[in-house]
Amino acid sequence: MREGLDDPLVRAGSAPHDVRALDEVDRALLAHLVADARITNAALAEAVGIAPSTCLARVRSLRERGVIRGYHADVDPAAVGLPLQAMISVRLQSDARDRLGEFTGLVRRLPEVRDVYFVAGEDDYLLHVATAGTGALRDLVARLNAHRDVAGTVTSLIFDHLRPVPGPGS
């Protein structure tokens with residue numbers, strides 16, 4: 001498989017970053033944005049102690065360099081009718097290595113899938129999913145297991161999903 005954007009293992013923003021390129025102002029901007037991505041540019045500039053125009057340029061640079069990958073709404077799955085969350089470990093067939101992109105493309109389009117992790121170890125992928133209930137989860141697991149490249153899955157229910165509390169050093 002050729003390297004580049006078609007390779008499922010190479011993604012925009014996934015290349016290693018030179019952390020030395022981030023100075024204390026960049027780190028302060030990131031800490032405030034992690035705590036509140038909706039903060040206004042003026043409030044962010046004031047909090048960090050720089051001019052608003054400098055702040056805007058710094059945040060734009062962080063986005064362009066791939067340090068900031070995006071801004072997202074954290075939607076409670078239960079509030080939109082998807083109260084059952086699970087992590088599904090997926091192990092692929094040994095001959096499926098050249099079809100990783102196909103599998104990744106499939107699971108990224110499934111509406112139940114919230115996150116896809118390509119991992120090292122016994123399994124190949126870890127999928128964070130949210131479904132309407134046990135029947136929908138069972139159907140999803142059956143669809144995954146029916147895929148020609150899937151050797152097996154293991155499903156773990158999520159009782160609670162907590163995000164870290166942003167603090168110093170975030």
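How many salt bridges does a search of the whole structure find? The search finds 10. Please keep in mind, as you read these notes, that this is a predicted model.

1. **Asp 123 and Arg 91.** These two residues form a salt bridge, and their closest N and O atoms are 4.0 Å apart. Asp 123 sits in the loop between β2 (113-118) and β3 (125-131), while Arg 91 belongs to strand β1 (residues 84-92). The two are 32 residues apart, and the pair links distant parts of the chain. Arg 91 has a relative accessibility of 32%, so it counts as partly exposed.

2. **Glu 102 and Arg 148.** Here the side chains meet in a salt bridge with an N to O distance of 3.0 Å. Glu 102 is in helix α4 (residues 100-109), and Arg 148 is in the loop between α5 (134-146) and β4 (150-158). This is again a link between distant parts of the chain, with 46 residues separating the partners. Glu 102 is partly exposed at 39% relative accessibility, whereas Arg 148, at 52%, counts as exposed.

3. **Arg 143 and Glu 112.** A further salt bridge joins these side chains, at 3.2 Å from N to O. Because Arg 143 lies in helix α5 and Glu 112 in the loop between α4 and β2, the pair ties together parts that are 31 residues apart in sequence. Are the two partners buried or exposed? Arg 143 is partly exposed, with a relative accessible area of 43%, and Glu 112 counts as buried at 15% relative accessibility.

4. **How α1 meets α3.** These helices pack at an angle of about 80 degrees, with their axes 11 Å apart. They are therefore roughly perpendicular to each other. By class, the contact of α1 with α3 has seven nonpolar residues, two charged and no polar ones.

5. **How α2 meets α3.** The axes of helix α2 (residues 41-48) and helix α3 (residues 52-64) come within 8 Å and cross at roughly 100 degrees. That angle makes α2 and α3 roughly perpendicular to each other. Asn 41, Leu 44 and Ala 45 of α2 make the contact with Pro 52, Cys 55, Leu 56 and Val 59 of α3. Six of the residues in the contact of α2 with α3 are nonpolar and one is polar, with no charged residues.

6. **The buried face of α2.** Which residues of α2 are buried? They are Leu 44, Ala 45 and Val 48. Seen down the axis of α2, the buried residues fall within an arc of 100 degrees, so they line one face of the helix. An α-helix has 3.6 residues a turn, so residues three or four places apart point the same way. The cover over the buried residues of α2 includes α1 (24-35) and α3. Just after α2, Gly 49 takes a positive phi of about 85 degrees.

7. **His 128 in β3.** This residue is found in strand β3, and at 5% relative accessibility His 128 counts as buried. Leaving aside its neighbours within four places in sequence, His 128 is in contact with Gln 85, Ala 86, Met 87, Glu 112, Val 113, Arg 114, Asp 115, Ile 158 and His 161. One of these contacts, Glu 112, is also the salt-bridge partner of Arg 143.

8. **Thr 155 in β4.** Thr 155 is found in strand β4 and is partly exposed, with 34% relative accessibility. What does Thr 155 touch, not counting residues up to four places away in sequence? The residues are Ala 86, Met 87, Ile 88, Leu 137 and Val 141. For Ile 88, the C-alpha atom is separated from that of Thr 155 by 4.4 Å, although the two are 67 residues apart along the chain.

Key: Residues are numbered from 1 along each chain as its sequence is written. This is a predicted model: local features need pLDDT of at least 70, side-chain atom pairs count only at pLDDT 80 or more; totals for chains, interfaces and linings use all residues. Side-chain values use heavy atoms; hydrogens and water are left out. Helices (H or I, at least four residues) and strands (E, at least two) are DSSP runs, numbered from the N terminus. Buried means under 20% relative accessible area, exposed over 50%, partly exposed in between (1.4 Å probe, protein chains only). Axes are lines fitted to C-alpha atoms, for helices over the stretch in contact, and angles run from 0 to 180 degrees between N-to-C directions. Angles under 35 degrees count as roughly parallel, over 145 as roughly antiparallel, 65 to 115 as roughly perpendicular and the rest as oblique. Contact means heavy atoms within 4.5 Å. Ala, Val, Leu, Ile, Met, Phe, Trp, Tyr, Cys and Pro count as nonpolar, Asp, Glu, Lys and Arg as charged, and the others, Gly among them, as polar. The arc is that of the directions from the helix axis to the C-beta atoms.
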